[in-house]
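Please keep the model in view while going through the numbered points.

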Amino acid sequence: MAAHLSYGRVNLNVLREAVRRELREFLDKCAGSKAIVWDEYLTGPFGLIAQYSLLKEHEVEKMFTLKGSRLPAADVKNIIFFVRPRLELMDIIAENVLSEDRRGPARDFHILFVPRRSLLCEQRLKDLGVLGSFIHREEYGLDLIPFDGDLLSMESEGAFRECYLESDQTSLYHAAKGLMTLQALYGTIPQIFGKGECARQVANMMIRMKREFTGSQNAIFPVFDNLLLLDRNVDLLTPLATQLTYEGLIDEIYGIQNSYVKLPPEKFAPKKQGDGGKDLPTEAKKLQLNSAEELYAEIRDKNFNAVGSVLSKKAKVISAAFEERHHAKTVGEIKQFVSQLPHMQAARGSLANHTSIAELIKDVTTSEDFFDKLTVEQEFMSGIDTDKVNSYIEDCIAQKHPLIKVLRLICLQSVCNSGLKQKVLDHYKREVLQTYGYEHLLTLHSLEKAGLLKPQAGGRNSYPTIRKTLRLWMDDVNEQSPTDISYVYSGYAPLSVRLAQLLSRPGWRSIEEVLRILPGPHFEERQPLPTGLQKKRQPGENRVTLVFFLGGVTFAEIAALRFLSQLEDGGTEYVIATTKLVNGATWIESLMERPL
Amino acid sequence: MDCYTANWNPLGESAFYRKYELYSMDWDLKEELRDYLVAAAPYGGPIALLRNPWQKEKAASIRPVLEIYSASGMPLASLLWKSGPVVSLGWSAEEELLCVQEDGVVLVYGLHGDFRRHFSMGNEVLQNRVLDARIFHTEFGSGVAILTGAHRFTLSANVGDLKLRRMPEVPGLQSAPSCWTILCQDRVAQILLAVGPDLYLLDHAACSAVTPPGLAPGVSSFLQMAVSFTYRHLALFTDTGCIWMGTASLKEKLCEFNCNIRAPPKQMVWCSRPRSKERAVVVAWERRLMVVGDAPESIQFVLDEDSYLVPELDGVRIFSRSTHEFLHEVPVASEEIFKIASMAPGALLLEAQKEYEKESQKADEYLREIQELGQLTQAVQQCIEAAGHEHRPDMQKSLLRAASFGKCFLDRFPPDSFVRMCQDLRVLNAIRDYHIGIPLTYSQYKQLTIQVLLDRLVLRRLYPLAIQICEYLRLPEVQGVSRILAHWACYKVQQKDVSDEDVARAINQKLGDTPGVSYSDIAARAYGCGRTELAIKLLEYEPRSGEQVPLLLKMKRSKLALSKAIESGDTDLVFTVLLHLKNELNRGDFFMTLRNQPMALSLYRQRIEGRVAALQTAADAFYKAKNEFAAKATEDQMRLLRLQRRLEEELGRQFLDLSLHDTVTTLILDGHNKRAEQLARDFRIPDKRLWWLKLTALADLEDWEELEKFSKSKKSPIGYLPFVEICMKQHNKYEAKKYASRVGPEQKVKALLLVGDVAQAADVAIERRNEAELSLVLSHCTGATDGATADKIQRARAQAQKK
């Protein structure tokens with residue numbers, strides 16, 4: 001089911017199995033038939049670790065979505081609520097439970113908090129007079145969910161907002177907990193590096209928790225050599241730019257949720273003769289995207305401009321493979337051909353899907369507006385005209401382009417100029433408020449608080465220094481066979497990944513000056529290992545570094561890290577963990593004021 | 001070695017029983033044992049003695065002394081008994097002494113005579129008095145059963161979780177039963193009692209008469225009954241001098257033996273070993289001890305002194321004023337090796353090793369003999385096993401030496417059984433030392449487990465020995481050393497004569513950062529003893545905030561708890577403290593406390609107060625008077641709202657909730673151009689955006705005339721390309737072309753291409769000699785019609801390259 005998780009350098013299936021075991025143990029605690037009532041947000045992440053079949057094996061017969069009033073009727077012995085510890089959800093649960101008592105046979109209620117049991121929520125249930133109705137109240141420490149062979153995410157959408165706007169460290173605490181779980185399974189990570197305020201806090205919590213757990217930890221040979229904790233606010237620039245890898249573009253245009261994407265169905269209509277396109281499917285086409293699919297694994301991290309040639313090459317290979325059947329003469333040959341058929345058919349299906357997706361994306365990327373937007377972005381990132389009001393942005397506002405797009409561009413300009421001149425900033429803000437409504441004052445305020453939008457302090461622009469020292473802008477990009485990570489943004493090398501790259505070679509000491517300009521402290525901690533567990537590295541053996549992005553990571557950054565892992569003389573392989581997989585749009589959206 | 005089997009006594013054909021001395025008792029008893037109430041705990045546990053003045057019906061003026069000794073007779077505690085008359089003593093599985101008083105109150109004492117707690121066996125007992133009581137052990141813990149003066153039984157199966165069960169009445173019971181005992185079947189405790197010739201079984205629901213199968217006739221009374229250690233077997237002693245042995249279910253008889261003694265025995269206990277087929281009962285009279293089994297003969301011992309029998313898992317301990325002995329069936333491995341003229345592989349191996357030490361070649365002969373039979377592995381195993389059952393270290397050593405010798409000739413003998421036996425024996429010898437006085441056998445030790453043994457050592461305050469054992473066995477720190485140190489610390493905090501500072505320092509010195517020590521447990525104990533300051537000092541060392549914070553709250557150190565919770569980063573913990581604080585403090589103090597903790601304050605606002613974060617942000621903006629922009633924007637917003645309301649009144653159309661931009665657009669769409677312009681001026685909408693706005697609105701209206709007029713009103717600040725684009729969007733090529741000619745040279749090519757004039761676009765591009773534009777035009781050349789244009793471009797390109 002999840003073999004692709006074990007392909008990487010670190011077998012993340014171990015983690016998946018561990019969380020599955022925990023889930024099974026909980027389900028078995030509630031004997032008899034069960035119905036699960038889901039906090040809808042959790043269904044996506046849970047789908048990655050346990051399919052319905054697993055639940056079914058443990059007598060889960062019905063599934064409902066958590067909503068007010070009565071529960072739907074179900075002839076089961078147990079009702080289990082799977083919820084995040086949120087107060088508003090507790091109110092709904094209480095409503096469910098109270099309306100339940102009056103009818104039908106008595107059923108047992110249980111509640112499973114994901115990822116942490118909360119005293120506050122239990123207090124609320126108690127206040128509502130239903131706490132006693134629950135037989136089992138447990139927590140399910142699903143902090144880091146394996147997404148792919150080298151990718152873990154907490155899928156906690158509010159992490160960045162909570163940390164930077166609301167000074168709420170809950171998600172950092174969960175991140176630290178998740179890292180402890182990881183260390184319990186994969187051994188203590190000997191070295192921790194970090195940059196940023198939140199990184200510092202997570203490292204502190206980890207060290208603290210390690211003290212709490214001492215004595216009970218298992219002696220496991222460490223799988224990870226280093227941990228790099230990076231605050232998103234150290235690199236606010238990268239997510240704002242439009243990702244130009246295949247996977248990144250799919251996410252930018254259609255949005256990838258829990259490794260699934262929903263696409264317009266027209267392109268995927270089965271092509272049958274005489275059908276005349278009578279009944280085009282109306283429901284969106286849902287596809288799972290991960291490296292279990294061979295073709296996708298190959299193209300996901302390529303610059304989109306390099307995808308076409310791979311697809312056409314693949315098409316030739318596959319049709320050549322199908323041609324083989326004409327050459328198969330002997331029974332043995334035919335048998336061999338037939339045995340390969342399922343694989344070939346799967347490959348053909350996958351090729352067809354991705355060709356369709358590529359066509360869909362191409363429609364967007366060849367549009368003039370996309371080109372104009374990209375040009376502006378690239379001008380900003382290479383440091384051209386960042387201190388003036390940009391007419392493209394003005395035009396976008398005037399034409400009422402989506403607010404998120406506009407904000408993303410303004411923020412990008414602000415970040416690339418270490419803040420905007422007061423006059424420029426006020427102009428943009430006034431334009432936005434007049435066009436989109438004054439209620440967005442709060443959103444602008446949030447963006448300012450998060451540092452995405454700000455007046456330039458002291459009139460100095462430090463971005464050019466950073467850009468030059470870290471070589472963030474590369475003029476000679478080879479999109480087809482890249483030599484540098486800058487290919488993921490066709491010129492811009494993501495700052496966060498550059499930091500990771502420089503950490504492994506030659507080390508951060510060489511860039512002390514820039515590190516001081518970037519916000520938050522940078523630090524290094526060692527976690528001593530018992531002598532028996534210290535690793536003797538074989539010559540040529542790569543280090544494994546876990547890079548944890550606190551506040552979100554984009555697919556392009558992941559692609560860049562994968563590119564570094566694959567470099568022959570790189571010396572480091574990366575596993576990526578994050579609080580949430582984001583792109584510029586979802587990220588800005590998480591900072592926007594929600595309608596009341 | 002000849003005399004090794006001297007203390008072996010055969011019983012029947014296949015079994016031997018032996019009795020050997022464990023200790024000569026260290027105690028100095030003033031009276032005979034029969035004058036005491038005696039209770040000895042199983043598994044080599046402590047012995048409690050209480051002079052029983054009440055039995056002799058003397059005046060209770062003399063206060064008796066309760067004494068507690070180790071199994072070797074070392075005094076552990078001694079205290080004056082100040083409570084009421086005691087009927088029975090017994091030890092619980094946790095080695096707590098239960099003293100059942102005549103009034104039904106049970107007093108619980110620790111091993112060192114420290115009073116723990118008390119409970120009552122029910123009100124009914126108050127009037128009727130307790131006649132007799134038994135303390136028994138089941139897999140659920142230790143239970144107490146009492147017989148009241150009204151001849152009713154009350155039972156509690158677990159004193160740790162006291163649930164009294166009053167057993168049903170036995171019909172027609174006038175006098176106390178001649179003997180009774182507790183059975184435990186299917187996890188239910190039952191009482192078996194004998195009244196005259198009848199036996200009754202009481203469970204919590206009913207009383208039923210039972211008859212043991214195959215009992216010889218003529219019985220008019222049962223004098224004693226005994227249940228085996230595992231509750232599997234039952235023995236009955238009748239007034240005919242007959243001993244009936246069978247299963248405890250009374251369904252099967254094992255054997256019967258007539259000892260021809262009619263005097264009631266003082267004690268009768270089972271003596272069997274787990275997994276052995278032999279069953280035997282030890283019966284004691286004043287001066288006689290008899291081992292009876294399924295054999296025509298019995299083994300007889302003479303008792304020189306008053307003795308007391310303690311049933312064990314694999315034998316019987318017998319102690320008197322001067323000695324402490326152990327009687328058990330000789331284990332198979334020992335029997336095979338030591339039986340006279342035994343040819344068992346183990347016996348040969350032991351012999352071989354001895355010859356080897358004597359440097360005799362016979363060693364080789366013996367070894368060959370074993371090897372020829374292919375029994376060397378078995379021989380080694382036998383020697384290892386037999387070593388475990390030996391009490392004397394020299395015998396253990398010679399058996400282990402033999403095993404080690406035999407091991408040399410085996411290729412692949414897994415060493416762990418040998419190593420483990422060596423370790424176990426070392427531990428056993430250490431605790432059997434009379435200073436410690438826990439005479440565990442190997443089987444008992446395995447049954448008890450090392451964890452429980454360590455607990456018992458801790459209970460005896462033998463911390464150094466316990467730690468040594470942990471270190472020797474390399475137990476994980478959390479189960480071993482840390483746990484023991486924590487117990488030591490808990491004991492330490494109870495020493496009231498030492499100052500807080502000294503205790504805290506001593507504890508921290510010894511425990512340091514030993515992993516897995518729960519400082520909060522120790523602190524809780526200190527708090528329990530009323531030493532709050534000490535508890536707080538100790539809590540400083542606790543690394544787990546989850547443990548630290550609740551205790552601090554309990555001790556009413558809320559502010560300290562709050563800062564600890566914040567330090568931990570666990571927000572849920574912070575909430576807990578906040579909720580607690582909110583109930584505890586008045587509102588003013590509460591906010592004063594929060595003021596110094598910004599994180600707590602923001603968490604409080606966010607979740608507990610339930611205030612919407614947005615409002616907070618807005619309020620923040622207001623309070624910050626310095627934020628002129630926000631203030632201005634808010635003013636504008638209010639101005640717009642007022643305006644919109646007026647417009648709604650005048651024009652009868654909805655304007656509220658529209659942005660300024662949308663308001664102006666709506667006005668234009670409705671044809672209120674004047675008002676629109678006024679509004680734009682009032683709010684100083686920049687020219688560029690106003691042009692875009694008008695352009696979009698007019699195109700939406702498809703008011704091409706007005707659009708053209710507007711385009712000519714003055715020079716467009718946004719150029720004319722947008723005009724072309726918007727016309728094309730509305731599919732009005734005709735209008736679009738009008739504006740295409742006015743587009744500036746920079747964007748002219750784009751505009752011309754938009755309206756589909758490829759030829760002219762090519763001309764412009766060639767004229768401008770712009771490579772990018774040339775290729776753009778080229779990419780638009782499709783079909784035959786544009787063929788000529790394409791050629792033209794190619795030519796221009798070639799020309800440009802020549803230059």
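1. In chain A, residues 24 or more positions apart account for 79% of the contacts with a separation of 6 or more, a contact being heavy atoms within 4.5 Å. Buried residues make up 57% of the 596 residues in chain A; buried means under 20% relative accessible area, exposed over 50% and partly exposed in between, with a 1.4 Å probe and protein chains only.

2. The model is predicted: local features need pLDDT of at least 70 and side-chain atom pairs count only at pLDDT 80 or more, while totals for chains, interfaces and linings use all residues. Residues are numbered from 1 along each chain as its sequence is written, chains are lettered from A and ligands numbered from 1 in the order in which they are written, and side-chain values use heavy atoms, with hydrogens and water left out.

3. Chain A has 23 helices and 15 strands. These are DSSP runs numbered from the N terminus, helices being H or I with at least four residues and strands E with at least two.

4. Helix H12 (residues 304-327) of chain A has 24 residues and spans 36 Å from its first C-alpha to its last, close to the expected 34 Å; the expected span is 1.5 Å times one less than the number of residues. Its buried residues, among them Phe304(A), Val310(A) and Phe322(A), pack against helices H10 (246-254), H11 (294-299) and H13 (331-365) of chain A.

5. Two packed helices are described by the angle between their axes and the distance between the axes. Helix H1 (residues 13-29) and helix H7 (residues 170-186) of chain A pack at about 110°, with their axes 10 Å apart. Axes are lines fitted to C-alpha atoms, for helices over the stretch in contact, and angles run from 0 to 180 degrees between N-to-C directions. H1(A) and H7(A) are therefore roughly perpendicular; angles under 35 degrees count as roughly parallel, over 145 as roughly antiparallel, 65 to 115 as roughly perpendicular and the rest as oblique. Val14(A), Leu15(A) and Ala18(A) in H1(A) meet Leu182(A), Leu185(A) and Tyr186(A) in H7(A).

6. In chain B, the axes of helix H25 (residues 721-729) and helix H27 (residues 745-754) come within 10 Å and cross at roughly 15°, so H25(B) and H27(B) are roughly parallel.

7. Leu679(B) lies in helix H22 (residues 673-682) of chain B and counts as buried at 4% relative accessibility. Leu679(B) and Val664(B), 15 residues apart in sequence, are 7.0 Å apart in space, C-alpha to C-alpha.
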